[in-house]
Amino acid sequence: MSFMRKPFVAGNWKMNTNSNTSVELVEAIASRTPEAARKSVHIAVCPPFVYLQGVINALNKSGIAVGAQDIYFERDGAFTGEISPAMLKDIGCTYVLCGHSERRHVIGEMDELINKKIAAAIIGGLLPIFCVGELIEQRKASKTEEVVTQQVKKGLAGLSAGKVSAVTLAYEPVWAIGTGLTATPQQAQEVHALIRKLLGEMYDDKLAEEIRILYGGSVKPNNAAELMSQQDIDGLLVGGASLNADDFVAIIEAAT
Ligand code: 13P
């Protein structure tokens, strides 16, 4: 991890918690995170849409940011069931996940839609966390580089360096998500370095050096520090372990 890039730990709660447990969880995270860790690590939680407001209210002045798990690219209008960047900004969201593997592979989102969402998020004043990663078959067929390169290029298509500087990348190998199978720190580092090199080619060295690239996929308290010790891993996107305050705080401390 470079000193230029402040570590970033984000919790993706996925479709979990309820109105009580969402607030209890962030209250526990806020009260158990040591002051020093709060200063040296950017921290965010991404609850389900319906609990965003309660979590934002509960986190007031804690220094912990809140993100949504998805967004729609239109500003307002007849888009039943969708949530706009302006709405998320209005209630105090900072981040939004775009292109998470479950949206790609369970819901069926394509690169073109993800690209529109990233662009709309930035224009709407949100900071996208743009997720990429290969399926196990693609890794076995030695297609990881090709798949990740295409996802990054298509996801950021048409965006200037100025806009992309608002983006945090997250490399989440699909085979490591929710499986307990973490990529080894070396496997993760290899892809992170590849993404950084690609961003240097697409934009410039400054952007590549400054952009943060998180790792996600079965991050736990016992593997967080080793993952963070890799040169191009700037933070962690945590699923299951972010639903347990002690585990999530231990991961934050491992990232300091
Ligand atoms: P797990 O940490 O549960 O593997 O989930 C990772 C993830 O998808 C975070 O976005």
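The legends below describe close-up views of a predicted model.

**View 1. Packing of helix α1 against helix α13.** Helix α1 spans residues 19–32 and helix α13 spans residues 245–254. Their axes come within 9 Å and cross at roughly 40°, which makes α1 oblique to α13. The crossing of these two helices is right-handed. On the α1 side, the contact involves Leu25, Ala28, Ile29 and Arg32. These residues meet Ala245, Asp246, Phe248 and Val249 of α13. Six residues of the contact of α1 with α13 are nonpolar and two are charged, with no polar residue.

**View 2. Packing of helix α8 against helix α10.** Helix α8 covers residues 144–155, and helix α10 covers residues 185–202. The axes of α8 and α10 are 10 Å apart, and the helices pack at an angle of about 45°. The crossing of α8 with α10 is right-handed. From α8, the residues in the contact are Thr144, Glu145, Val148, Thr149, Val152 and Lys153. From α10, they are Val191, Leu194, Ile195, Leu198, Leu199 and Met202. Sorted by class, the contact of α8 with α10 comprises eight nonpolar, two polar and two charged residues.

**View 3. The largest nonpolar core and the surroundings of Leu236.** The largest nonpolar core contains 68 residues. Leu156, Ile195, Leu199, Tyr215 and Leu236 have the most contacts inside this core. Helix α10 gives the most to the core, contributing six residues. With neighbours within four places in sequence left aside, Leu236 is in contact with Phe8, Val9 and Ala10, among others. Further contacts of Leu236 include Leu214, Tyr215, Val219, Ala224, Leu227, Met228 and Ile251. Another core, of 12 residues, lies apart from the largest one. Among the residues of this other core are Ala44, Ala65, Ala170 and Leu214.

**View 4. Ala10 in strand β1.** Strand β1 runs over residues 8–12 and includes Ala10. The relative accessibility of Ala10 is 0%, so Ala10 counts as buried. Beyond its neighbours within four places in sequence, Ala10 is in contact with Ala44, Ile129, Leu236, Leu237, Val238 and Phe248. One of these, Phe248, is also among the α13 residues that meet α1. Between Ala10 and Leu159 the C-alpha to C-alpha distance is 24 Å, and the two residues are 149 residues apart in sequence.

**View 5. Lys61 in the loop between α3 and β3.** The loop that holds Lys61 lies between α3 (52–58) and β3 (65–68). Lys61 has a phi near 65°, a positive value in a residue other than glycine. Its relative accessibility is 79%, and Lys61 therefore counts as exposed.

**View 6. Ser142 in the loop between α7 and α8.** Ser142 is placed in the loop between α7 (136–140) and α8. Although Ser142 is not a glycine, its phi is positive, at about 55°. Ser142 counts as exposed because its relative accessibility is 66%.

Conventions:
Residues are numbered from 1 along each chain as its sequence is written. This is a predicted model: local features need pLDDT of at least 70, side-chain atom pairs count only at pLDDT 80 or more; totals for chains, interfaces and linings use all residues. Side-chain values use heavy atoms; hydrogens and water are left out. Axes are lines fitted to C-alpha atoms, for helices over the stretch in contact, and angles run from 0 to 180 degrees between N-to-C directions. Helices (H or I, at least four residues) and strands (E, at least two) are DSSP runs, numbered from the N terminus. Angles under 35 degrees count as roughly parallel, over 145 as roughly antiparallel, 65 to 115 as roughly perpendicular and the rest as oblique. A crossing is left-handed if the near helix is turned anticlockwise from the far one by less than a right angle, and right-handed if clockwise. Contact means heavy atoms within 4.5 Å. Ala, Val, Leu, Ile, Met, Phe, Trp, Tyr, Cys and Pro count as nonpolar, Asp, Glu, Lys and Arg as charged, and the others, Gly among them, as polar. A nonpolar core is a set of buried Ala, Val, Leu, Ile, Met, Phe, Trp, Tyr and Cys residues joined through side-chain atoms within 4.5 Å. Buried means under 20% relative accessible area, exposed over 50%, partly exposed in between (1.4 Å probe, protein chains only).
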